[in-house]
Amino acid sequence: MTTIDKTASVPAPRDGATHDGPLLDVRDLHVEFRTREGVAKAVNGVSYSVNAGETLAVLGESGSGKSVTAQAIMGILDTPPGFVTKGEIVFRGQDMLKMSEEEHRKVRGSKIAMIFQDALSSLNPVLSVGYQLGEMFRVHQGLSKKEAKVKAIELMDRVKIPAAAARVNDYPHQFSGGMRQRIMIAMALALEPDLIIADEPTTALDVTVQAQVMDLLAELQREYNMGLILITHDLGVVADVADKIAVMYAGRIVEQAPVHEIYKRPAHPYTKGLLASIPRLDQKGQELYAIKGLPPNLLKIPSGCAFNPRCPKADDVCRTDVPALVPVTEQDGTDLPGRGSACHFWKETIHG
Amino acid sequence: MSDTTQKTDTAVEDPVGPIAPAPAPDKQDKTRSLAQDAFRDLVRNPMFIVSAVLIFGIVSIAAFPGLFTSVDPLACDLKHSMEGPSGSAWFGYNFQGCDVYSQTIHGTRNSVIVGVLTTIFSLVIGGLVGVLGGFFGKWTDALLSFVTNVFFGLPLLLAAIVILNNFRDDKGMRNAGVMAVVLTLTVVGWMSMARVMRGAVMQVKQADYVAAARSLGASTSRMMFRHVLPNSITPLIVVATISLGAVIGAEATLSFLGIGIRPPAISWGVMISEAQQRISSGLHPLLFPSGMLTITVLAFIMLGDAVRDAFDPKLR
Amino acid sequence: MADLSKNDEAVAASEAEAVAAIEAPVERGEPILQVRDLKKHFPLTQGILFKRQVGAVKAVDGVSFDLYQGETLGIVGESGCGKSTVAKLLMNLERATAGEVFYKGQDITKLSGRALKAVRRNIQMVFQDPYTSLNPRMTVGDIIGEPFDIHPEVAPKGDRRRKVQELLDVVGLNPEYINRYPHQFSGGQRQRIGIARGLALNPEIIICDEPVSALDVSVQAQVINLMEKLQDEYNLSYLFIAHDLSIVRHISDRVGVMYLGKMAEIGTDEQIYEHPTHPYTQALLSAVPVPDPEARAHRERIILTGDVPSPANPPSGCSFRTRCWKAQDKCAEEIPLLAIPEPFQGKDTPAAHFSACHFAEEKNVVAAH
């Protein structure tokens, strides 16, 4: 399989930074929310890594912990109620959780940027977009107002906003949804970060605009050789742009694989169920496959495998033992690089 | 489910679960109404108990002041002027040599009547104007908003002087009774309630469940009283409990200016405004009526809080 | 006086006639709802006290279609295309600016009083957002029972609790949940409650406005299955409005594509998905992310430039021409009519379906999967 090599190989680090290994490496991250009702375990031991120029898609439903993980990486977790209780977030060889507040702020301002789902509420409605884009340069690079404005226009051109020079003084509400999302992307790009985290960047957009925005993001990523973490629930978007996928459920990664592999041969019943529940042409008029039951309540995650109450394969062992994320192999034991599954019955799921 | 957990994608949204067996305890085999649920919640809320006891006490004092003191509040003797608290006069004497304790007790009735009645009247008028304007919109709203704004334009003092000047006793002296003060304060106080209510109603009116009721063929009154009102009244209750204290304070202002309740009639407002003028010669005549005022306002705010919480199923 | 009461009688008689017509059954395969040139223009006004109209948002601008008994008609389109406004017009939640909606021969846009109430019994709606469509201060029992309060003739008072529990059971919820409040349920469960409320009066038509788009992926399939099951059991006709093209294809018998308040193309699901002739449909279909990474290399995607124009100021002629790669002078001058395009007229081809384009041609953009 040629596709596997893509994820296994590590591109050379950008601008000669002195670190080995991936750009971002999240190790055994635990996050919990201490609420009135009790402790909600939002993230329970998540590990993943992204290389420069690579796109990792984190797929999951609401409550799977996919956004919370991103918030922890960005250091924008609401504390309280949210607390990182364990784990490391290693960016270019440095654990960000051990950094001082000031160091952390510097990294997240210039090296890691985030794009949110709702561009309208992420932009300040009473400031012009030119001012907001220029702010990055004024604050981080100490440019003058005039210089910052020139830079802002440049950025707006970059993200293909038509007539950028004429629109630089417009306010966010004067732009359409797609254009606002481009402005968000421009803001994220302003300081040429090494990593972009995009949390459902196109969910609020129309289909025809979605395609434009995803294409733009992919193009810019190639150009700047950035790492991209794409958080989404849409299997279609993932298939279109991702290199590798991590599927999350109840705060854990349940499956991890290169993108082509996972659609062909899922190794976890949850992934399999998700793929099966997409309406397909040959199933017209029949019942859709549906995963039974509901996403778990994070205040009382089922014992053993969190998916066991909804799983068609569940056995006694699933109700008692938490399955670890183990490497997945071919039937004859050949390695499948980059693949892992947290299921006691992954062999049956992938080969059965 | 608190707002924070919702926002942070932890989605602690399902305490039910289809597989979970229905919980056995406190299962009544009858459809309960929100009011019944709310009442069950209220009696278990310590904040409600405390505020209810306080309000019961205050109302008892207002209704039967004779039970709490046998001293005539108007039997003043200048030789006791500004004497501090003692065994015979627990709160001491004021400048005129009147017993502060007795005056505080006897002043309760007027203050509570002014506070409670004004708040209720403002609540009813403001609530009604707000609901009608917010719900029907268009010209109804334009008209009612216009009227509201006109009243907002009235300065409190000017309105009070104009209205209260017309109340005179049999000797032709300017002397406004309690009801005149209630009327005045209602006239200048209902508008903020109308604004709050209108805003809340306009927001709730947009909700899909109102559209759902309409598409079922629900009548206007059903939509208004079953769907819009219960979901928009919360801010009004909060504003009302807070304004209760402000009203008692405003009554004091009017007394201070000599156009409200006037001596020999007693109210906390009258006492506070009198004591304020002589604050340099002694603090106690000011302290005790103010203390009662604070406790009363606090009790009503706590009551409002408890009632609001009880009627919000999300907090259950 | 006498004149007046006579007049009243006449009104009552015609109302009774209307009610009788509304309560008559419709054969399977007959049109149950006929929408003709429906328009909704929201006036744009200036001034606070003395308002004057400065323009109009043409949210729906001349839409016609039929809904047949027992079928599912899917309506797709992007946000702002007017699909949700169509739903509101059919529910009489908004008054139409012009046009007719015939339900069993009665124009429901002109009905009021008893006749309108009778129509409302038969046309129900499932809303998009299960978090705002249920009154948070009412128990599930009160919410599902409310239709019976409004239409007491459907269920006698003593019977209601049992009926509500039956409905809960039908939509797959535990009947014991009757005393719970909406916030105690998850999104999927709330949507089931909304569906139960819609079913309470035994309607003939259910209008679904994005019924699953607010739900988690793994729950969407459950709700779609439930809706299909209920359609068979209760012989319902669905108008299914959504932006998710694959779900619409799964559930619909026929599909209409809307753009800027107009119907661009309408036909059977096969005609629309396999043989689209309108360039907008083709672009829309090609832009849908396909959950198959193999397809991304050899998929032809039509990426439209720009955004949907404002419905307050739509382009002249064909409203799609500003983003269309085929646009010519004719498109700016002449509004294309929704009809079978000339090249396909009288031919026995799946491309011979209604399409509002001057230069309609077939183009298969969906990789068969």
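Before the first stop, one term: two residues are in contact if their C-beta atoms, placed from the backbone, lie within 7 Å. This is a predicted model, so local features need pLDDT of at least 70 and side-chain atom pairs count only at pLDDT 80 or more, while totals for chains, interfaces and linings use all residues. Residues are numbered from 1 along each chain as its sequence is written, and chains are lettered from A and ligands numbered from 1 in the order in which they are written.

Start by selecting chains A and C. Here 34 residues of chain C are in contact with 38 residues of chain A. On the chain C side, helices H7 (217-234), H8 (245-251) and H10 (279-287) each give two or more residues; helices are DSSP runs of H or I, at least four residues, and strands are runs of E, at least two, numbered from the N terminus. H7(C) brings the largest share, seven residues.

Next, pick Asp37(C), which sits in strand S1 (residues 31-46) of chain C. Buried or exposed? Asp37(C) is exposed, because it has 12 other C-beta atoms within 10 Å (exposed means 12 or fewer, buried 20 or more, partly exposed in between, with C-beta atoms placed from the backbone). Leaving out residues up to four places away in sequence, Asp37(C) touches Gly62(C), Ser64(C), Ala98(C) and Gly99(C).

Last stop: Ala186(A). Not counting residues up to four places away in sequence, its contacts include Leu133(A), Leu155(A) and Arg158(A).
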